[in-house]
Amino acid sequence: MKKLPDFLIFLFLFVLCLSVYSSALNNNFIFDDNFLVVKNLYIQNISLMPQLFKTDIFHFQHPEDPTLGTYYRPLQALSYSFDYFFWKLNPLGYRLTNILIHALNSFLLFLIIRLIFRNIALGLLSAVLFVIHPIHVCLVSFVAGRSNLLETFFMYLSLWGFIKYSAYEKKRRYIIVSLLSFILALFSREGALLLPLFIFVCARALNIRYKKIFGYLIPFLCVCVFYIALRAKFIPCDKLNLFNSLSLVNLSKFFFLTGDYIGQLILPAYFQASLFGKNIFLRSAVSFLAVGFIACLLFKAIIRRQKVALFALLFYFIGLLPVFYLQGTIGYFGKILSEHYVYIASAGFFVFLAYLILGSKPYFKKATGVIIFAVICFYSSLTFINSFNYKDELKFYKSIVKVDQKNRFIRVNLGNVYLDQKDYDKAIAEAKLVIASEPAAWDAYLLLGNVFLDQGKFDTAIELFKKTLILYPRSSEAFNNMALIYRKQGKTKEAYETFKKALQMDPESLLILKNFADFLIEKKIYNEAMFTVQRILRLSPDDTNALVKLGVIFAELGHNKEAEVVFKEALRLTPGSFDALNNLGTLYANMGDLDKAFVFWNEALSIKPSDKELRGKFGKAMKLKETGAGQK
């Protein structure tokens, strides 16, 4: 195959990637995107960015217990900060970044295969299959999948640097690039600890002697030891208990999962479910036959010592080693949400598939090109179609339920979507389905409580929130919603104590802080209300709503000048803020300057002309002005 400039090959892969994922560009934020981007104040406030390196990335999902965090992903969070700077909360930009990284990963795979086997066609076809395969939709179309993309990018870059140094040019810059990339991969995702094994496989494929390989591996192993020690002692997240899952049972499950993933790589789970419906036997039979076929081909390759096939086999199994440790997680999240675990490993499968297709040329001659075209069209079409399932949360969860019908986690989330749409019957049905199979499912009781709260059935809701807290005592949402009910019922003491418990569980929840501040202002507990609003503004300095609350507190305490400054700052940030205009008008009216009050009230009424409370104040002020009272 004629050698093309590397830039043109990358451009081709990027355009191909952009084409097959074009159906995902207008998708909304879904699922974990909301925790990692929309609700993640650390990526939106530059003063809080150092926290990205000090906390688990899901800090805003379960801050009540930092030891629950297993996901130390500072580079993932930093990449979201970069996206937020340019795109704010427009999901298009975040997905463009994912597409770019995925294209870069495929290009690096091409470089690696070309360097190892000196075969441009093998490298390019492997890279193309990597770009277009539908099993990667769960990462590329899913903003929350960024950690796998970044981890793979830095691991492949590290492998490229190592190969260039060890087999081509003994220039120090390549080994420095390799080591630095390895460190960045670890700060993207802990699965990068497998890099020394990938280096070993690449080195053996390059016929490097064992003694030299072990010499090359020393600095990489030192980085591994340092990272594990760092996580054990200094990083506030889950420690790496790598050997707790070792057992014969888990070993057998691991080999089953590696085979199951081969079936999904041939035809992803969503399309298996679409073709075979609820017929588990047919779906299993297809996977079994596919695995058997691949196994026979690999066995033949091993017997004949075919270097490419051996490389592909080892690359695949090493890439899936984290699955051994994550079997419980895979069982909980189900097949679709666990597809991302095969991302790195899939490269081995694609290299093998490319090797098979290109190896068929002596037998099929001109038909090889037709086979390549058909395979590319087939997988590209599936990827394009599958990306539509990530358009919004309702479509996303319903597509997963087709595959994982008993998935508690997804059914509760689907119920929450129905609740948001006020489709109470469907929300209740989802919760009851979960409880029928798992009576201790606290999140299902929380969902039911939220349904009855939304319907105004407060006593029933309270009972369900109490049931939730029995099963999961650290649910900040249950505490917060109970406090809201107590506030509506006029139970001041209960509301105050329950809000405090909610904040104890989740001290940086803007929702709880705002609810508590509203309660304190209503009850005229102004000093604590001011402290609470200041906590909000430390987390979100440009929060107009919080600034209005602060202005109200200043006004109630008689600090009119401070209130005026704060209301004007709120209007500077959000010129059309009804609350800021309304309250600033009220402030001027109370200060006796009705002319200024009318200016801001008129502007507020242009936004909400039917607001009865403001029209009442406006009318009273007009009567005062007509009688000559209330003027400066």
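Leu11 lies in helix α1, residues 6-20; helices are DSSP runs of H or I with at least four residues, numbered from the N terminus. The model is predicted, so that local features require pLDDT of at least 70 and side-chain atom pairs pLDDT 80 or more, while totals for chains, interfaces and linings use all residues. Residues are numbered from 1 along each chain as its sequence is written, and side-chain values use heavy atoms, without hydrogens and water.

With a relative accessible area of 36%, Leu11 is partly exposed, a class between buried (under 20%) and exposed (over 50%), using a 1.4 Å probe and protein chains only. Together with Phe7, Leu8 and Val15, Leu11 makes a nonpolar surface patch of about 370 Å². Such a patch joins nonpolar side chains within 5 Å, from residues with over 30% relative accessible area and no salt bridge (Lys or Arg side-chain nitrogen within 4 Å of an Asp or Glu carboxyl oxygen).

Ser126, in helix α6 (residues 120-132), is buried, with a relative accessible area of 0%. Beyond its neighbours within four places in sequence, Ser126 is in contact (heavy atoms within 4.5 Å) with Leu109, Phe350, Val351 and Ala354.

Most residues other than glycine have a negative phi.

Definitions and conventions: Patch = residues over 30% accessible without salt bridge, like charges linked within 9 Å, V, L, I, M, F, W, Y side chains within 5 Å. Areas by Shrake-Rupley, 256 points an atom, 1.4 Å probe, with all protein chains shown as cover. Helix = DSSP H or I, 4+ residues; strand = E, 2+ residues; numbered from the N terminus.
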